[in-house]
Amino acid sequence: MQGGGVLNIRIKPEIPEHLFVGAMDGPASCTPDDNLYDVWPKFLIMVLLQGQQHFVMDGAHFRIDAGDESHHEPVVFMLNVAQACKLRFVNESTTALRKVMISAPLPWIDRLIRSQPTSMPKLRAFFSEHLATFRFTPSRHLAQVAEQILKPPASMAGELLTLHRNSHAFDIMCEACSVLVQEDEAAPHQPTALSRRQSEKVRDYILAHVREELSLDRIARAVGISTSSIQRHFKDRFGITVSDFIRQERLESARAALESEGIPIAQAAYLAGYRNPSSFTTAFKKAYGVSPKHRRA
């Protein structure tokens, strides 16, 4: 200091080195005020299952809307904050928020990219642009993973809860980045209106008969579509093969029965189409992060 002047030194907030996973289920806003907050460089993924978010970063407005209690329209929002900036929330919604927020510090992302010299150029471009955004409608799997972060098993606590959340966060990050990378590649192959309607008929038939013996031939006869058309268009429409969709829905049916009816694990395995309960347990843990006994009522 000279001549009685004041020397202003701005100390940058310490940048975390690890993944952060947060969840909100109930409040209508992240903060009740409209103050300015310092934000460090980071990669953000928000899985908004319900509610609206409006915030401002460096003068740029971002609005994400996932609907309300009566009509949900989940959305995944990705944002790259390439430099330190200011954040302000605009609280204009009264709808309860249901969301999962994942943030990874940019130095962590940079190290990951540098370790893969042949990494996809679209990811490099996204992470090089300040306030780059990308949004999409989550798959059923991604939405289920977000729900597992919001409502972890009661047995999860302490370090186990952190591991549970982080493992599911990595799952979300992987799928979100895959959607970003594949967006342009998939554009020329978007399904036609006719193929979309046919695929939706197949989906609806599977959902109505998920507990029955299903084969491509049976499905094709029931909906009046050739097996080759089903195989060709279903994955384009829903991002999953018919057989994987059936397996996923049967697991979900077994999970619901475990939680609501408390059925034996052997019976849940049968519902999911598994003859061997141990194989069912392995598949269940892979899908939901915990063994069936932790979901049983």
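Is glutamate 259 buried, exposed or partly exposed? Glutamate 259 is partly exposed, at a relative accessible area of 30%. Here buried means under 20% relative accessible area, exposed means over 50%, and partly exposed lies in between (1.4 Å probe, protein chains only).

1. **What you are looking at.** This is a predicted model, in which local features need pLDDT of at least 70 and side-chain atom pairs count only at pLDDT 80 or more, while totals for chains, interfaces and linings use all residues. Residues are numbered from 1 along each chain as its sequence is written, and side-chain values use heavy atoms, with hydrogens and water left out. Helices (H or I, at least four residues) and strands (E, at least two) are DSSP runs, numbered from the N terminus.

2. **Glutamate 259 and its partner.** Let's stay with the residue from the opening question. Glutamate 259 makes a salt bridge with arginine 295, and their closest N and O atoms are 3.1 Å apart. This pair links distant parts of the chain, since glutamate 259 sits in helix H8 (residues 242-261) and arginine 295 in the segment after helix H10 (277-288), 36 residues apart. Arginine 295 counts as buried, at 13% relative accessibility. Through salt bridges that share partners, Glu252, Arg255, Glu259 and Arg295 are joined into one network. The term salt bridge stands for a side-chain nitrogen of Lys or Arg within 4 Å of a carboxyl oxygen of Asp or Glu.

3. **Other salt bridges.** Searching the whole structure gives 10 salt bridges. In one of them, the side chains of glutamate 147 and arginine 98 meet at 2.9 Å, N to O. Glutamate 147 belongs to helix H3 (residues 140-150) and arginine 98 to strand E8 (residues 98-105), so this pair ties together parts that are 49 residues apart in sequence. Arginine 98 is buried, with a relative accessible area of 13%, whereas glutamate 147 is partly exposed at 29%. Glutamate 212 and arginine 218 also form a salt bridge (2.4 Å, N to O). Glutamate 212 is partly exposed, at 35% relative accessibility, and arginine 218 is partly exposed too, at 23%.

4. **Aromatic rings.** A pair of aromatic rings is described by the distance of the centres and the angle of the planes. The structure holds 11 aromatic pairs. Phenylalanine 43 and phenylalanine 126 have ring centres 6.1 Å apart and planes at 80°, so they make an edge-to-face pair. Because phenylalanine 43 lies in strand E3 (residues 42-50) and phenylalanine 126 in helix H2 (residues 121-128), the pair ties together parts 83 residues apart in sequence. Both phenylalanine 43 and phenylalanine 126 are buried. For the cut-offs, rings of Phe, Tyr and Trp (its six-membered ring) pair if their centres lie within 6.5 Å; planes under 30 degrees apart count as stacked, over 60 as edge-to-face and the rest as tilted. Elsewhere, Phe55, Phe62, Phe77 and Phe89 form one aromatic cluster.

5. Which residues of H2 are buried? They are Leu123, Phe126 and Phe127. Looking down the axis of H2, these buried residues fall within an arc of 90°, so they line one face of the helix. The arc is taken from the directions that run from the helix axis to the C-beta atoms. The exposed residues Pro121 and Ser128 are carried on the face of H2 turned away from its buried side.

6. **An open sheet.** An open sheet is built from 4 strands in the order E2-E7-E4-E5, with antiparallel pairing. Its edge strands are E2 (37-39) and E5 (60-65), each of which pairs on one side only. Two strands pair if DSSP finds at least two bridges between them. E4 (residues 52-57) and E7 (residues 85-89) pair in the antiparallel sense over 3 bridges. Phenylalanine 55 stands opposite phenylalanine 89 in E7.

7. **Strand E9.** In a regular strand the side chains alternate between the two faces of the sheet. Strand E6 (residues 75-81) pairs with E9 in the antiparallel sense over 5 bridges. Valine 76 has phenylalanine 136 in E9 as its bridge partner.

8. **Leucine 36.** Leucine 36 has its place in the loop between strand E1 (20-25) and E2. Leucine 36 is exposed, with a relative accessible area of 58%. Leucine 36 and arginine 88 are 52 residues apart in sequence, but 4.9 Å apart in space, C-alpha to C-alpha.
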